[in-house]
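Work through the exercises below with the sequence and the model at hand. Each task is followed by a solution in steps.

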Amino acid sequence: CNHFFALQSMMTRVLWILAFLGGCLGWDDNGHMLVGEIARMQLNSADVQTLEALLKRWDGEFPDMSSLAAAATWPDHLKCKRRKADCSDKLPLAAVGAFSLWHDYNLPYNPYGIPLTEAQAHPPTNPSLVFLVEQANSTLFRKNVTATFSWNFFLRFMIHVVGDVHQPLHAISLYTASLPDSDYGGADIRLNKSLGGDLHQFWDLAGMQYLNYWPFSDVQKQALSDNATALIQAYPKSHFTATGRLPDVPAGQGWPADIMAWVLESYAISVNEVYSGWDLNSTRPVLSPQYVARAQELCREQITLAGYRLAQWLQLVVKRAPKSSTLANPGPVQEAEPVPRDNRDNRLAGDVAREAVLVFFANTGAGHLLGYLLTGAVTGAMGVILGFAAAGYRMRQAPKAWLPV
């Protein structure tokens with residue numbers, strides 16, 4: 001019985017993963033960079049320097065992505081499989097889609113009560129952005145974590161995903177008779193190309209306000225800074241602390257532990273604002289000018305709030321960040337010297353002999369210890385013998401080769 005329920009649970013998760021395998025982008029590059037830039041503006045210069053020094057460790061393969069703003073785009077570029085507007089030729093194509101489901105947590109919105117599968121009604125938290133946040137905190141708040149990979153990987157993902165969770169359509173999937181398999185976070189709601197082509201993209205682009213893609217020119221970087229400053233002025237922290245959406249705590253002393261609260265907040269915005277003002281049974285709605293204006297206002301507000309919340313997390317995690325002198329450094333890769341052909345024959349034959357000896361002693365009860373003690377002497381002789389035998393065989397079979405060159 002337990003095996004049946006375990007299998008049923010696994011199948012539910014598999015169905016959910018297949019349903020959302022494509023994943024969505026969240027804010028596009030411009031919106032994500034605004035979140036990172038607003039967060040940077042809340043930090044002191046020493047903290048910014050510490051964090052960006054960590055990010056610079058990956059400059060070799062991901063150049064110009066070591067600022068807090070630019071690092072926010074890395075998880076989306078990681079998914080790039082071909083060159084297009086949002087997949088710059090300044091970066092190598094990574095084609096890593098394994099983390100696509102870390103960008104959202106789509107709770108079902110079923111206003112007409114159509115039948116849903118178990119997977120649709122109860123989406124798993126793993127994988128999801130909820131899982132990612134838990135894993136990032138578990139790693140980076142652990143003592144003595146100095147691996148460059150750990151810090152770069154989770155810093156970049158957190159800078160990105162804190163932005164994602166504030167894009168309302170990363171917390172919801174609409175189910176209707178017209179969309180029984182869901183609208184995939186708005187991606188299956190078609191819009192005019194002037195509005196991004198679909199509902200999800202319209203909100204990714206902040207209602208068509210922030211349209212630039214990384215890498216930014218110097219002019220675009222200045223515009224990014226100017227836009228971040230304008231958003232901070234329009235939505236000061238007091239705008240959010242007054243309503244309880246942002247903890248009013250000293251820098252570095254508090255961060256909301258419950259990421260689900262942010263998911264539910266975005267879900268409510270979707271229900272009350274995103275999926276409002278048009279027929280939900282329509283897969284090609286016409287958005288009114290009033291809808292577009294309201295969406296733009298909400299996006300500006302959400303991007304600013306995401307920047308403040310991200311800054312609170314960064315102010316906490318930077319206390320754990322290793323200094324450059326203590327970071328693990330793998331150093332330059334040492335290439336092995338070419339092995340002469342005959343020596344390769346001997347080496348491979350020796351490996352085969354060593355495995356045979358170990359298996360023999362393990363299976364006869366003598367144990368691995370005795371096996372390892374004897375393999376040095378036995379396999380040395382056997383390696384030479386088998387090596388000569390292999391060389392002789394190869395000569396007889398010329399021009400065929402036993403080993404690849």
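A disulfide is a pair of cysteine sulfur atoms within 2.5 Å. The model is predicted: local features need pLDDT of at least 70, side-chain atom pairs count only at pLDDT 80 or more, and totals for chains, interfaces and linings use all residues. Residues are numbered from 1 along each chain as its sequence is written, and side-chain values use heavy atoms, with hydrogens and water left out.

**Exercise 1. Find the disulfide and give its handedness.**

Step 1. The structure holds one disulfide. Its partners are Cys80 and Cys87, with sulfur atoms 2.0 Å apart.

Step 2. The angle about the S-S bond is -85°, and the link of Cys80 and Cys87 is left-handed.

Step 3. Both Cys80 and Cys87 are buried (buried means under 20% relative accessible area, exposed over 50%, partly exposed in between, with a 1.4 Å probe and protein chains only).

**Exercise 2. Describe the surroundings of Pro215.**

Step 1. Pro215 sits in the loop between helix H9 (199-204) and helix H10 (218-234). Helices (H or I, at least four residues) and strands (E, at least two) are DSSP runs, numbered from the N terminus.

Step 2. Pro215 counts as partly exposed because its relative accessibility is 28%.

Step 3. Leaving out residues up to four places away in sequence, Pro215 touches Asp64, Ser88, Lys90 and Gln220 (contact means heavy atoms within 4.5 Å). Asp64 is 151 residues from Pro215 along the chain, yet their C-alpha atoms are separated by 7.7 Å.

**Exercise 3. Which residues have the most contacts inside the largest nonpolar core?**

Step 1. A nonpolar core is a set of buried Ala, Val, Leu, Ile, Met, Phe, Trp, Tyr and Cys residues joined through side-chain atoms within 4.5 Å.

Step 2. The largest one has 91 residues, and Leu199, Trp203 and Leu314 have the most contacts inside it. Helix H13 (residues 289-317) gives the most to this core, with 15 residues.

Step 3. Beyond its neighbours within four places in sequence, Leu314 is in contact with Ala39, Leu43, Leu51, Leu68 and Leu155.

**Exercise 4. Classify the aromatic pair of Trp74 and Phe157.**

Step 1. Rings of Phe, Tyr and Trp (its six-membered ring) pair if their centres lie within 6.5 Å; planes under 30 degrees apart count as stacked, over 60 as edge-to-face and the rest as tilted. The count by this rule is 22 aromatic pairs.

Step 2. Trp74 and Phe157 are 6.0 Å apart centre to centre, with 90° between the planes, and form an edge-to-face pair.

Step 3. Trp74 lies in helix H5 (residues 74-77) and Phe157 in helix H8 (residues 148-164), so the pair ties together parts that are 83 residues apart in sequence.
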